[in-house]
Amino acid sequence: MRIKALHTEGFRIAAIFVAIFALSAAVFTVITLFIVNEEFQDQIVQFANADIAAVKDGYRTNGEAEAHEVISQRMAAPGASDFLLLEHGEKRLAGNLAPMPHKTGIFTLPYPGNAAGHAILGVGVFIAPDLYVFSGSDLYHARLARRRILRTLIWVFLGALGLAMLSAQAVSRSLLRRTDIIGRTCRAIMAGNLASRIPLRGTEDELDRLSETINAMLDRIAALMDNLKEITNDIAHDLRTPVTHLRHRLERARSQAATTEDYDQALEAAIAASDDILALFSALLRIAQIEGGARRTAFAPLDLGQLLAQLGEVFGPVAEDAKHHLCLPLNGPASILGDRELLTQLFSNLIENAIIHTPAGTLVTVSLNRENGEAVVVISDDGPGVPPEEHDKLFQRFYRREASRTRPGYGLGLALVAAITELHGARVKIDTNAAGGFSIIFRISLSQS
Amino acid sequence: MKILLIEDDPETADHICHALRAQGHEVEESRDGAEGLATARSGQHAALIVDRMLPGLDGLSLVKRLRAEGSQTPVLFLTTMSGIDDRVAGLNGGGDDYLTKPFALVELVARINAIARRGDPRQHVTLHAGDLDMDLIRRTVHRGGKLVDLQPQEFKLLEYMLRNAGRVVTRSMLLENVWELHFDPRTNIVETHMSRLRAKMDRGHSVELIHTIRGNGYILRAD
């Protein structure tokens with residue numbers, strides 16, 4: 001656990017923070033020491049200047065003797081400079097320093113006896129042509145202060161570093177504990193416990209949010225798998241019927257067929273039955289593919305009005321032969337973005353439904369209008385309609401109304417319509433129209449241009 | 001004619017060979033993409049039947065290479081059911097037609113006949129069959145010198161039949177090429193339009209031009 005904690009993202013981030021902290025602490029220390037040093041030196045120079053000003057004052061009022069007096073007074077007073085010197089030419093008049101070269105301005109001198117760690121900083125000035133004054137103080141105090149500050153800062157720094165490292169480890173451990181929980185849940189799911197979910201702490205932090213997202217993803221996958229299971233069951237169930245029919249036909253041919261013609265007929269029927277089974281598979285695969293969303297690549301601008309008009313020409317004669325009336329009030333054009341092939345199949349399907357599932361003499365209307373930036377296609381008939389409680393079920397795979405069970409088909413038409421609609425981000429709704437007949441309303445966004 | 005079949009599944013290949021040989025065609029077989037490409041390069045074939053999924057070199061890449069090398073040999077692609085979406089890619093990649101497995105063998109034979117004999121690249125202005133004349137510019141049809149009044153859909157249907165005169169044309173070929181419907185409709189679109197076309201064309205004539213082929217299609221014959 002301890003070793004593992006060193007290899008976590010949490011620890012890496014904490015280590016980076018500690019490094020940044022150490023660097024800024026070092027910069028802070030250097031700046032502090034520099035400022036302290038400057039401050040001390042300023043102080044020394046200020047004292048020296050005050051001394052020199054007083055000596056100068058004394059000299060001006062009462063000559064050398066007064067200057068001498070001032071220096072003696074100053075040397076005795078507390079809080080004054082450590083060292084003073086008044087020299088006339090080469091001769092020392094007053095002070096506690098040995099004679100020295102008459103340097104002017106601010107400078108440093110070695111400490112008497114060259115004591116380690118000590119040095120004198122001071123100011124030298126000629127107050128008269130031959131009269132030299134120096135005032136200065138020991139730099140040792142500044143040095144001591146600097147050292148004390150440095151020592152304190154180092155202790156504070158080490159303490160903070162230790163705390164930072166401890167908290168880094170704590171953070172990475174806590175992160176590790178939580179990611180371990182996520183990992184454990186995933187492994188449990190991999191091992192087959194599909195209902196397993198990551199426990200949430202309710203803190204709404206990023207890990208909680210991530211866990212929530214993963215849980216939502218797992219829910220979605222579970223729903224898809226349930227759906228798949230359902231479809232597999234449906235397929236297995238619905239496939240039994242045509243396969244059984246096929247088998248019955250072949251058995252009957254074997255036991256009853258007497259002539260070549262009988263065999264021919266039986267074979268024709270068997271081929272037709274297997275074609276039906278293959279058609280069922282194709283329809284299912286097509287729905288699966290469309291639901292997979294892979295076909296969005298085939299989207300292109302198209303005019304829905306033109307597409308419907310063309311379908312009108314194709315299905316007009318078909319409707320007529322089935323004794324239906326097909327009427328297309330199209331207020332086109334309506335340019336949309338979509339897959340022409342799939343939309344053709346969608347509307348063909350709806351028109352065919354209207355022709356197949358209504359009695360002779362029914363009027364089927366396919367209208368196109370533009371409303372609020374949408375193209376609205378309504379396919380309605382004045383047939384007997386469908387009770388509202390069945391409307392939602394109509395879009396389910398393999399759902400077949402009692403009335404249509406005797407007709408060929410597998411109940412996949414509207415499931416396909418739903419899949420194509422979904423792919424296009426469109427909406428489809430079933431309704432009962434004023435004539436009591438069946439209406440299906442398809443809405444899709446018009447393209448911008 | 002000589003047809004090259006590049007298909008890795010032995011059973012499918014066997015069925016296809018059988019059906020094509022029964023029609024009097026000579027079939028050469030290849031089981032993988034690389035070998036198939038080499039055979040196809042000899043350029044001795046009237047048409048190629050290429051499976052999309054092949055070991056070695058996939059069918060689409062194979063045909064793209066042949067086309068890049070300037071080969072004009074017609075190609076019919078075969079694909080598994082899951083590959084509905086591949087049709088456009090196949091046709092863009094140089095295929096002339098596309099058939100989804102499983103398919104009826106009559107369908108395959110009809111389609112291979114249609115693409116292999118499409119030979120004449122000249123743009124037709126008129127099409128003829130017996131005493132029937134179609135003017136593609138004026139969009140008119142005459143039979144025995146008399147104008148036949150056709151709806152646009154009927155005209156398209158007749159044009160397709162004339163372009164494929166003498167060959168069996170299946171329902172799905174008509175649905176795809178005349179009405180651009182790439183699915184199996186539940187209403188009898190083909191039969192309805194065909195019977196209307198026939199009624200208009202054959203009215204007052206003793207010879208029928210379009211014949212129904214039992215099993216799966218139609219043929220326009222002028223003799």
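Modeller: Gladly! Let me begin with pairing: two strands pair if DSSP finds at least two bridges between them. Strands are DSSP runs of E with at least two residues, helices are runs of H or I with at least four, and both are numbered from the N terminus. This is a predicted model, in which local features need pLDDT of at least 70 and side-chain atom pairs count only at pLDDT 80 or more, while totals for chains, interfaces and linings use all residues. Residues are numbered from 1 along each chain as its sequence is written, and chains are lettered from A and ligands numbered from 1 in the order in which they are written.

Biologist: What makes strand 10 and strand 12 of chain A a pair?
Modeller: Strand 10 (residues 374-381) and strand 12 of chain A are joined by seven bridges and run antiparallel; the rule asks for at least two, so they pair. In this pairing Glu374(A) sits opposite Ser445(A) of strand 12.

Biologist: How do you know that strand 11 of chain A pairs with strand 12 of chain A, too?
Modeller: By the bridge count again: strand 11 (residues 427-432) and strand 12 of chain A share six bridges in the antiparallel sense. Thr432(A) faces Phe438(A) there. The hairpin of these strands has five residues between them, and Gly436(A) has a positive phi near 85°.

Biologist: Which residues form the covered face of strand 12 of chain A, and which the uncovered one?
Modeller: Phe438(A), Ile440(A), Phe442(A) and Ile444(A) make up the covered face, while Ser439(A), Ile441(A), Arg443(A) and Ser445(A) make up the uncovered one.

Biologist: Why is Ser211(A) called buried?
Modeller: A residue is buried if 20 or more other C-beta atoms lie within 10 Å of its own, exposed if 12 or fewer, and partly exposed in between, with C-beta atoms placed from the backbone. Ser211(A) has 21 C-beta neighbours inside 10 Å, so it counts as buried. This serine belongs to helix 4 (residues 206-256) of chain A.

Biologist: Which residues is Ser211(A) in contact with, leaving aside neighbours within four places in sequence?
Modeller: Contact means that the C-beta atoms of two residues, placed from the backbone, lie within 7 Å. On that basis Ser211(A) touches Ile182(A), Ile198(A) and Leu200(A).

Biologist: How do you know that the length of helix 7 of chain A agrees with its residue count?
Modeller: The expected span is 1.5 Å times one less than the number of residues. For the 17 residues of helix 7 (residues 340-356) of chain A that gives 24 Å, and the end C-alpha atoms are 24 Å apart, so the two agree. This helix is also mostly covered, with 13 of its 17 residues buried.

Biologist: Why are strand 6 and strand 9 of chain B said to stand at the edges?
Modeller: Their open sheet has four strands in the order 6-7-8-9 (chain B), with antiparallel pairing. Strand 6 (126-129) and strand 9 (146-148) of chain B each have a single partner strand, so one side of each lacks a neighbour in the sheet. Within the sheet, strand 7 (residues 132-135) and strand 8 (residues 140-143) of chain B pair over four antiparallel bridges, and Met134(B) has Val141(B) as its bridge partner. Helix 6 (residues 152-163) of chain B packs on this sheet, touching strand 6, strand 7 and strand 8.

Biologist: What makes helix 2 of chain B roughly parallel to helix 3 of chain B?
Modeller: Axes are lines fitted to C-alpha atoms, for helices over the stretch in contact, and angles run from 0 to 180 degrees between N-to-C directions. Helix 2 (residues 33-41) and helix 3 (residues 59-68) of chain B have axes that come within 10 Å and cross at roughly 25°. That makes helix 2 of chain B roughly parallel to helix 3 of chain B, because angles under 35 degrees count as roughly parallel, over 145 as roughly antiparallel, 65 to 115 as roughly perpendicular and the rest as oblique. Among the residues that meet are Gly36(B) and Leu37(B) from helix 2, and Leu62(B) and Arg65(B) from helix 3.

Biologist: Which residues of helix 7 of chain B are buried, and what covers them?
Modeller: Ser172(B), Met173(B), Leu174(B) and Val178(B) are buried. Their cover includes helix 5 (105-116), helix 6, strand 10 (168-169) and helix 8 (189-202) of chain B. Glu180(B), which follows helix 7 of chain B, has a positive phi near 55°.
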